[in-house]
Amino acid sequence: NSTINFTTPNCNAPTCNLTMSAVENGSCDPNNNVPVDITVNDVGGGASGFNILVDGNNVGTYAYSGTGTTTVTINVIGDGQNHNIEVQDIMVCDEGN
């Protein structure tokens, strides 16, 4: 006898899935902002793109690259504090994106 464990894909998983990372990409500018590269990995991202929020404030709307990985640069206040960066797909995932 021979057996193996085989993991199948989750057929009930959402079709819209985002992950992101953020990396500082330079020094402070004259306005005390720091450039931050945001890399968004998407599976089934909506045609309308995504928003980036910093501390709850929308700092821009961006289009997906179409390759599954999109990198954009935003400015974040260089005040030595922690800042919450969030990526939101504009379309609701359960609408068939």
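The model is a predicted one, so to speak of local features pLDDT must be at least 70, while side-chain atom pairs count only at pLDDT 80 or more and totals for chains, interfaces and linings use all residues. Residues are numbered from 1 along each chain as its sequence is written, and side-chain values use heavy atoms, with hydrogens and water left out.

On to the fold. The chain has six strands and zero helices, taking helices (H or I, at least four residues) and strands (E, at least two) as DSSP runs numbered from the N terminus. Read along the sequence, that gives β-β-β-β-β-β. Of the 97 residues, 27% are buried, where buried means under 20% relative accessible area, exposed over 50%, and partly exposed in between (1.4 Å probe, protein chains only). Looking at contacts (heavy atoms within 4.5 Å) between residues at least 6 apart in sequence, 58% join residues at least 24 apart.

The largest nonpolar core has twelve residues: Val 36, Ile 38, Val 40, Phe 50, Ile 52, Val 54, Tyr 64, Val 72, Ile 74, Val 76, Ile 85 and Val 87. A core of this kind is a set of buried Ala, Val, Leu, Ile, Met, Phe, Trp, Tyr and Cys residues joined through side-chain atoms within 4.5 Å. Two or more core residues come from each of E2, E3, strand E5 (69–77) and strand E6 (85–89). In soluble globular proteins, nonpolar side chains tend to be buried together. Val 76, one of the core residues, touches Asn 32, Asn 33, Val 34, Val 36, Val 54, His 83 and Ile 85, leaving aside residues up to four places away in sequence.

What about the rings? Two aromatic pairs turn up, counting rings of Phe, Tyr and Trp (its six-membered ring) with centres within 6.5 Å; planes under 30 degrees apart are stacked, over 60 edge-to-face and the rest tilted. Phe 50 and Tyr 64 make a tilted pair, because their planes sit at 40°, with ring centres 5.0 Å apart. Phe 50 lies in strand E3 and Tyr 64 in the loop between E4 and E5, so this pair ties together parts 14 residues apart in sequence. Phe 50 is buried at 0% relative accessible area, and Tyr 64 is buried at 15%. Together with Tyr 62, these two form one aromatic cluster.

Strand E3 also holds Asn 51, which is buried with a relative accessible area of 15%. Its side chain makes polar contacts with those of Asn 58, at 3.4 Å, and Thr 61, at 2.6 Å. A polar contact is a pair of N or O atoms within 3.5 Å; within protein, one must be able to donate a hydrogen and the other to accept it, and residues adjacent in sequence count only if both atoms are side-chain atoms.

Finally, the backbone. Most residues other than glycine have a negative phi. Asn 32 has a positive phi near 60° and sits in the loop between strand E1 (17–24) and strand E2 (33–43); Asn 32 is partly exposed at 48%. Asp 55, with a positive phi of about 55°, is in the loop between strand E3 (50–54) and strand E4 (57–62).
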